[in-house]
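Good morning, colleagues. Please look at the model on the screen while I describe its parts in turn.

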Amino acid sequence: MNILLLLIIIPILTITGILFAREDKHVRVISAIGMTFQLIVSAIIILWFLAERNAGNTAEILFASNYVWYETLNIHFYIGVDGVSVAMIGLTSIVIFAGIFASWDVDDLPREFFTSLILLSSGVFGFFISLDLFTMFLFYEIAVIPMYLLIGIWGSGPRQYSAMKLTLMLMGGSALILVGLLGLYFNSNPTGGPLTFNLIEIARVQIPLNTQLFFFPFLFIGFGVLGALFPFHTWSPDGHASAPTAVSMLHAGVLMKLGGYGCYRVAVFLLPQAAHELAWIFIILATIGVIYGALGAIWQKDLKYINAYSSVSHCALVLFAILMFNETAMNGAIMQMISHGIMTALFFALIGMIYGRTHTRYINEMSGLMKVMPFLAVAYVIAGLASLGLPGFSGFVAEMTIFVGSFQYSDTFHRVATIIAASSIVATAVYILRVVGMMLFEKIRNPEYELITDAKWYERLSTGTLIFGITAIGIAPLWLSTMITGGLGPIMQKLFLAMN
Amino acid sequence: MFDFSYTIWILLIPFFLFVLIGFWGNKFKPIVSGIVGCAGLLTSWILSLFTAYKYFFDVGKVDGVYEQIIGYHTLWLRFTDTLYIDLGVLIDPISVMMLIVVTTVSLMAHIYSTGYLKGQKGFMRFYSFLSLFTFAMLGLVVATNIFQMYIFWELVGVSSYLLIGFYYEKPSAVAAAKKAFIVTRFADLGFLIGILLLSYFTQTFDFLTLTSPTGPAIATPPAATFLGMSVLTWAMILIFMGGAGKSAMFPLHIWLPDAMEGPTPVSALIHAATMVVAGVYLVARLFPIYVTVPIALQVVAWVGAFSSLFAAVIACTQYDIKRVLAYSTMSQIGYMMCALGVSGLGGHEGLGYMASMFHLFTHAFFKALLFLCAGAIIHAVHSNYMYDMGGLRKYLPITHLTFLAACLAIAGIPPFAGFFSKDEILVAAYHHDTALFAIEYIVAGLTAFYMFRLYFGIFWGKKQDYHHPPHEAPLSMTIPLMFLALGAIFAGFIPFSHLVTSDRQILELETEWIIAIPSIVIALVGIGVAYVMYLKPTEIPKKIAHALRGFYTAAYHKFYIDELYLYITHRIIFNHISRPIAWFDRHIVDGSMNGISYVTNQASDKIKGFQSGQLQQYALVFVSGAILLALVFIYLWT
Amino acid sequence: MFEGVPLSWFLILSTIMFFIGVYGFLVRKNLITILMSTELILNSVCINFVAFNKILYPEHMEGMFFTVFIIAVAAAEASVAIAIIINIYRRIVNIDVEKMNEMKY
């Protein structure tokens, strides 16, 4: 059996286990066990993948399996991974693992909560291993829909509004994607043979330029909505602010990456010429997004809003790098997705834990938390430093790869865009240090905070895993970078052909 | 060939100390982390000394030229086939010299802190950060390529941030730390863009390739220009911007005085001796390229000269002794920058380069000493301000003598260390540009004046009534003082021109008394003026201040640069950029999305009237529809 | 008995009955009357069935069967409808159709 199937089967088994759990308390244990297995399986997949590559297996797709799913329309359940998707699988399993522990103390309908959470994660895993556009879209929807329930039921603040807004905007995005996918489907066989959703086969087809130009915006904007492309990012601040901790983590950490991954794997890969023609529009939007998110975050007072805007900025950098059509920048984009995924999950986990203690998310109401909860405070500082791109953490590696890569373009437009995007590192430093200074340092003003206790074991486990993730990549990035570069070959070839 | 690969341990020991103390420090008594830190640093120090000995006196020189040796390297990250980051150790005269400086001062700061911070909260945190800083600084100086330097450049920045904000309960310390980080970060943006430009046109990060005379930057400089200057000039100016930020050159200096909020050993180590000279080191490292772009070198020279004068003037008016020292640091670094700016490459042309490195070396000793003395004084008096002090020479004899030695060294009185290095700088400036020489000459006088203003004000001057009679610092603090004093006195006798020069060959020098004597004279004049004004409390300072009212007030307020920055950041960036963006996002972007939903809602509200619940209305519509359809079909079929 | 009566007469009769029924259905407010109007409509359809069957396809019996079906269904429907009406009456003590607009929006 294909090991990738385990990534779908384990969540399903876990959900079944949850449904048959006798007590509510058992639910979280079952989820934790399931997701630990998931993490182990992901690690095995990554190691196996690296071993195969080292052994000289240069196949484009590894661990491929092809099952017919619906013969009439030629829909297959076609799975397989390359260097990029393996990296994304690793990211997802880390984030969901940490997410389970971060939501250890959910006691409001835990059964339903964990079921939705794990269902969501299985959608994400399915998305990353799918190579058939139809099943990819199917899993995409599986990942997006539980979000509505998770925010609407377990959220805080104006949760119905936020959940509705988020879901409707993402659904709007998937409507666009669907149009784009059908466009690809009906152009997948110009000679008149059977049509196909198979990504690899479509990639071999030369789609006429006019068709490409028509469908590219659908796909790019459609996935871009989830990737927080300016100006379609506005679901993100409200959605994140209302979502419960683990949901914010998964959403910012993993779901937003579905957008970036989709842009990369579907929009740019399958429609390279249109991407080349239209890139300038989206580069401008992404550059605006980078700066806009960073500057927007400076003014915010709510921790979650700050991080939502920060995510907008960082995710815009992903799209920015993808559109540079250069191997280094593309590599940087994938690394930025992983880095930002872990980092922002860490941020949201910590914000949830801090909120659970102080019952406020406004930074001007907090102060001096370093003294009463050193562990969480130090973790927050680490997350902040990682976010502002400090060497030794993954953010630096990713950002520098992006900047160096996109600077290899020899025209002024790309250069200027790169310099503008690079200047976001200053703005990032401003808002991160502002938060750290106001919230963690100085004296405690609110006497109630003296009674706050530091992190519990599950919180330590959750944050510890994520911190380990960002530092491991930050200190030894070469293996990841090499692994990702290995997966970029086909897309670079296509882009090279398209650009010349 | 001697194997220098062990030098990696000079860096790794502090790194492991950081991890060790940072994670497990609180399992033991605080003093354990101090002792472990000191012991680790001692090992690093001995290794550095050994390396210096081996390099300078044994294996480094081949055919009269000091070789540049890659002691150790490993691939860290690959961007493209030509652009990749190697982490490694580059052994050459300046990096070995910096190894000595960093490990020595760091060791002294480690030892000193066991006394200075005794019993304070966060002792182990302090030591782990100190080790982190030492690691980062060592990584910076031994960088084999410009990107490695950038990596460690950022790391020293963050350790500086952490250490300035060590007293995190003090709002001013938090603000100062934030300011230091953000200002240098802004400068680093320039550095980064400079690196991007340079690396794009040369397709390499490697220092050895970049600075080799046959390398892509020098032998085949890129022809592209931008706004009338070659891209190489732009790149070098931008890289210098990074250096200027770290080295607190005007106008990016504003963070340095505030950084004095950190514990004094930190000020001595980071903000006097090591991190702030990173900018000088950077320019020196890329010096062969700077020589080929005269405009950039001019910028370096003039920024350096102006900063030195600017800071010296401000230093004369400040009362917080650490701030005086901070401005003095800025002024002295300006000196070094200026020396680099007036230098050429090779032979006597390269005098400025050698002088700059020499001054960097001696300055590290006497400035660290000054700061550590200031720490001892503050420790005794519990105040930073000159007007709370006076007549301390009786209470603090060792501090007094070591402080005096440092003052004489910085003022440039022979045979103290500062004399030799400063003299070389003046000579270099004299041969290059008279205007720069004049500025530096005046600064020499001002330096002597403000240092002795400090000296007389603290140790002589009026007697204070102290609540608790000040007492000399413990041995753990005075031993570093004495050690550094030895450096401040004797470091000048090191034959630097034989060791560290721009072309790495021996440079034979003779003291040019025609410049040395006037420089001694002006130093003595400065000391004399300070003696008259501050030995005993007099009215002279007030009168002078009154006579130069406007200028004095401006200098006292540091020429309002801080206010300007505050205006720009708070008023313009916060209020006129961020706030409108936040508003725009909420009301325009978000508003348009909400607008769409509002329109949908309204439309459905209007349409829903059809669904009236009136059975007969439905039936009527149904029947009329059926009839209509029937008529249509009849019409169509006939 | 019907010999010589043209088909159109039957159709005219049933059309008149049908529209009387529709008119009653649309205009009357009393649920019972509305129910009676639907019976009129059904019966007009029955007339059509029977007439077509008898005159156009005398050899077949489907039209007759259908009429019987309709009568049976109409009886069942009437009983259900009256049950509903009685229930409504119990609830709101009224059988005015305009009062029953709970199902709007």
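Helices are DSSP runs of H or I of at least four residues, strands are runs of E of at least two, and both are numbered from the N terminus. In those terms, chain C reads α-α-α along its sequence, with 3 helices and 0 strands. Its radius of gyration, taken over C-alpha atoms, is 17 Å, well over the 13 Å that the globule rule (2.2 Å times the number of residues to the power 0.38) gives for 105 residues, so chain C is more spread out than a compact globule. Along the principal axes, the C-alpha atoms of chain C fill a box of roughly 50 × 30 × 25 Å.

A note on conventions. This is a predicted model, in which local features need pLDDT of at least 70 and side-chain atom pairs count only at pLDDT 80 or more, while totals for chains, interfaces and linings use all residues. Residues are numbered from 1 along each chain as its sequence is written, and chains are lettered from A and ligands numbered from 1 in the order in which they are written.

I turn to the interfaces. Two residues are in contact if their C-beta atoms, placed from the backbone, lie within 7 Å. On that criterion, 38 residues of chain A are in contact with 36 residues of chain B. Helix 18 (424-440) of chain A is one of the helices that each supply at least two residues to this side, and helix 18 gives the most, with 6 residues.

Finally, 11 residues of chain C are in contact with 10 residues of chain B.
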